[in-house]
Amino acid sequence: MHPTDTEPAQRGRQPRRRLSETFFGGLALSRQCLLPGIVIGTAAHVIDEACHWILLPPGFTETMILDATLSQFLSIAAATVVGSLAITLGFGAVTSLGLAVERGETPDMMRALQHGLDRMFSLVAACLLASSLLLVSLFAFVLPAIWFLAYCAVLMPVVMEEGRGFGALRRSAALTKTMRWPIALLIVGPLIVLSLILIGIDEAVPALNNTIPGLGFGLHSIGYGVCALVMAQLAVALYVDLRALERSASEP
């Protein structure tokens with residue numbers, strides 16, 4: 001049975017009082033979910049890339065989209081939708097692994113994927129809303145976008161643990177409202193570091209592929225899996241701490 005909002009992860013656990021403790025708690029969760037988390041994240045990235053390879057015309061780039069024919073446009077749309085669903089499912093499943101560990105369970109890859117499928121509609125609804133609002137915030141310069149990342153920092157754990165869809169964003173906002181900028185630092189700092197690592201791998205892809213065909217893509221996909229694992233577990237650790245703080249604040 002998957003937990004609901006009446007059965008939160010680690011109901012009686014005392015919250016970590018500092019965000020630095022939450023950060024290291026997230027890293028500990030990443031270590032405990034290491035193999036299944038990397039496998040799921042890597043597979044999601046491979047599926048996303050495979051959709052573009054299979055469905056898009058050879059040599060087609062995003063800059064050519066305005067001149068695309070109807071069939072090309074439909075291929076782009078299909079590749080984007082299927083790839084996005086794979087990424088969303090993968091991130092939800094990796095989040096489920098960390099929630100399982102917080103409940104004292106052994107992380108199980110197949111159970112996490114099933115949990116993600118069970119929550120698929122809610123995941124898509126929450127991610128569509130959050131992505132749309134993030135895009136709007138980016139047009140309002142960097143600081144609003146960073147603030148919004150903190151606003152929805154625990155979006156995935158809320159969806160996976162509480163089964164909320166469009167309401168997940170409002171719930172995430174309620175949990176993070178008292179410490180939004182410190183949370184932004186917790187989320188954005190590791191995100192920047194991991195993104196720079198992926199960019200470095202991207203730059204090395206041609207040379208790696210010349211050495212061993214497919215090596216560059218393989219390392220990039222595994223790197224994406226590691227990034228997804230770490231960011232998901234930071235969100236889980238933060239979510240569980242905020243839930244614990246919420247419960248302790250409501251106790252007489």
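**Inside the fold**

Guide: The protein chain has 10 helices and zero strands, where helices (H or I, at least four residues) and strands (E, at least two) are DSSP runs numbered from the N terminus. Its pattern along the sequence is α-α-α-α-α-α-α-α-α-α. Please keep in mind that this is a predicted model, in which local features need pLDDT of at least 70 and side-chain atom pairs count only at pLDDT 80 or more, while totals for chains, interfaces and linings use all residues. Residues are numbered from 1 along each chain as its sequence is written, and side-chain values use heavy atoms, with hydrogens and water left out.

Of the 252 residues in the chain, 44% are buried; that word stands for under 20% relative accessible area, with exposed meaning over 50% and partly exposed in between (1.4 Å probe, protein chains only).

Now to the core itself. A nonpolar core is a set of buried Ala, Val, Leu, Ile, Met, Phe, Trp, Tyr and Cys residues joined through side-chain atoms within 4.5 Å. The largest one here has 48 residues, and Val154, Leu155, Ile183, Leu238 and Tyr239 touch the most other members. Two or more residues of this core come from each of H1 (19-32), H3, H5 (120-139), H6 (142-151), H7 (155-162), H8, H9 (180-211) and H10 (215-250). H10 contributes the most, with 12 residues.

Beyond the neighbours within four places in sequence, Ile183 is in contact with Leu19, Ala150, Ala153, Thr176, Leu238 and Leu242. Thr176 belongs to helix H8 (residues 167-176) and is buried, with a relative accessible area of 0%. With neighbours within four places set aside, the partners of Thr176 are Ala150, Tyr151, Val154, Ile183 and Leu242. Thr176 and Ala150 are 26 residues apart along the chain, yet their C-alpha atoms are separated by 7.2 Å.

Not counting residues up to four places away, Thr95 touches Met156, Pro157, Met160, Ala232 and Val236.

Charged residues come next. A search of the whole structure finds eight salt bridges, each a side-chain nitrogen of Lys or Arg within 4 Å of a carboxyl oxygen of Asp or Glu. Arg243 and Glu162 form one of them, at 2.8 Å from N to O. Arg243 lies in helix H10 and Glu162 in helix H7, so this pair ties together parts that are 81 residues apart in sequence. Both Arg243 and Glu162 are buried. Through shared partners, salt bridges join Glu162, Arg164, Arg171, Arg243 and Glu246 into one network.

Arg103 and Glu161 make another salt bridge, at 3.5 Å from N to O. Since Arg103 is in the loop between H3 and helix H4 (109-118) and Glu161 is in helix H7, the pair links parts 58 residues apart in sequence. Glu161 is buried, at 0% relative accessibility. Arg103 also forms a salt bridge with Glu105, whose closest N and O atoms are 3.3 Å apart; Glu105 is partly exposed, at 29% relative accessible area.

Let us finish with the rings. Rings of Phe, Tyr and Trp (its six-membered ring) pair if their centres lie within 6.5 Å, with planes under 30 degrees apart called stacked, over 60 edge-to-face and the rest tilted. The count by this rule is three aromatic pairs. Phe23 and Phe24 are edge-to-face, 5.3 Å centre to centre with 75 degrees between the planes. Phe23 is partly exposed at 26% relative accessibility, and Phe24 is exposed at 53%. Phe148 and Tyr151 have ring centres 5.7 Å apart and planes at 15 degrees, so this pair is stacked. Both lie in helix H6, three residues apart, about one turn of the helix. Phe148 is buried at 6% relative accessibility, whereas Tyr151 is partly exposed at 21%. Together with Trp147, Phe148 and Tyr151 form one aromatic cluster.

Notes. Contact = heavy atoms within 4.5 Å.
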